[in-house]
Amino acid sequence: MTVPHAQVVGWIEEFASTVAENREYLTQLDSAIGDGDHGINMDRGMKAVLGKLEGLEGDDVGGLLKTVGMTLVSSVGGAGGPLYGTLFLQMGTATAGKSELEPEDWAAALDGAVDGVQMRGKAEVGDKTMIDALVPARDAFRSALADGASFAEALNRSAGAAEEGMQSTIPLVARKGRASYLGERSAGHQDPGATSSYMLLKTAAETWSGGA
Ligand code: ADP
Ligand code: MG
């Protein structure tokens, strides 16, 4: 199985609609430990992305993902916009010139995503951020491939690891971002960015492991 350009577009659309459906939920999570705008931010950004997709031509996956990243950077404020913008820009760099994704290309895209977010935000696993979902997802994808799993199976394991990573943020005390201002009081709440990052990996698994 490979993932053609059209299915990468399908993933972006699916992520946008999942974010729209969960706008209130993400905002509620952010109300508990932040400023209550994560759902609003992500929804505004992904709606802007959907608008951009309509005029997009060609079949370069890298170009598509870079456009997503640039649109998020320019349409979303706060920490989330630049972080997700960098995530997609680095995924785009990792997949430049590809019209379809092999498992190794997606592994490289996930490497780029994590490196980009860490370059910008300096968060490590355990800081209670989106990194807590992204790093396990990246690692689980590669180790599934190393175990001989199919692309579809590796995507599902990656999404499962992102979900566990998301849940692992609940007891943590935040050390990065707005939630860190709360200190110990940030414990007991799930991180909103880790939650949207889980949705990013879950929609990839759902969109791609069924069809191609
Ligand atoms: P803001 O915090 O500016 O209101 P959002 O609410 O959109 O922006 O996003 C908050 C999310 O951003 C957090 O839940 C966390 O996952 C993520 N985040 C914040 N700071 C960092 C960082 N330095 N590195 C990685 N992720 C971060
Ligand atoms: Mg916020």
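Modeller: What follows is a talk through the ligand and the pocket.

Modeller: This is a predicted model, in which local features need pLDDT of at least 70 and side-chain atom pairs count only at pLDDT 80 or more, while totals for chains, interfaces and linings use all residues. Residues are numbered from 1 along each chain as its sequence is written, chains are lettered from A and ligands numbered from 1 in the order in which they are written, and side-chain values use heavy atoms, with hydrogens and water left out.

Biologist: Which residues come nearest to ligand 1?

Modeller: There are 20 residues around ligand 1, and H38, N41, A79, G121 and D191 come nearest, where a residue counts as near if one of its heavy atoms lies within 4 Å.

Biologist: And which polar atoms lie by its oxygen atoms?

Modeller: A polar side-chain atom of D35 is 2.9 Å from an oxygen atom of ligand 1, a polar backbone atom of M130 is 3.0 Å from one, and a polar backbone atom of G80 is 3.4 Å from one; a polar contact here is a pair of N or O atoms within 3.5 Å. The protein covers 93% of the 570 Å² of accessible area that ligand 1 has on its own (Shrake-Rupley method, 1.4 Å probe).

Biologist: Which helix gives the most to that shell?

Modeller: That is α9, with three residues, while α3 (38-54), α5 (80-94) and α9 (192-210) each supply at least two; helices are DSSP runs of H or I with at least four residues.

Biologist: Switching to the pocket, how much space lies in the largest one?

Modeller: The largest pocket holds about 570 Å³, and its space is taken by ligand 1. A pocket is an open set of points on a 1 Å grid over the protein atoms alone, where a 1.4 Å probe fits, with protein on both sides within 12 Å along at least five of seven lines, and lining residues have an atom within 4 Å of a point. A molecule sits in a pocket if more than half of its atoms lie within 2 Å of its grid points.

Biologist: Which helix gives the most to the lining?

Modeller: For the lining of the largest pocket that is α5, with four residues.

Key: A polar contact is a pair of N or O atoms within 3.5 Å; within protein, one must be able to donate a hydrogen and the other to accept it, and residues adjacent in sequence count only if both atoms are side-chain atoms. Grid points are joined across faces, edges and corners, and a volume is the space filled by probe spheres set on the points.
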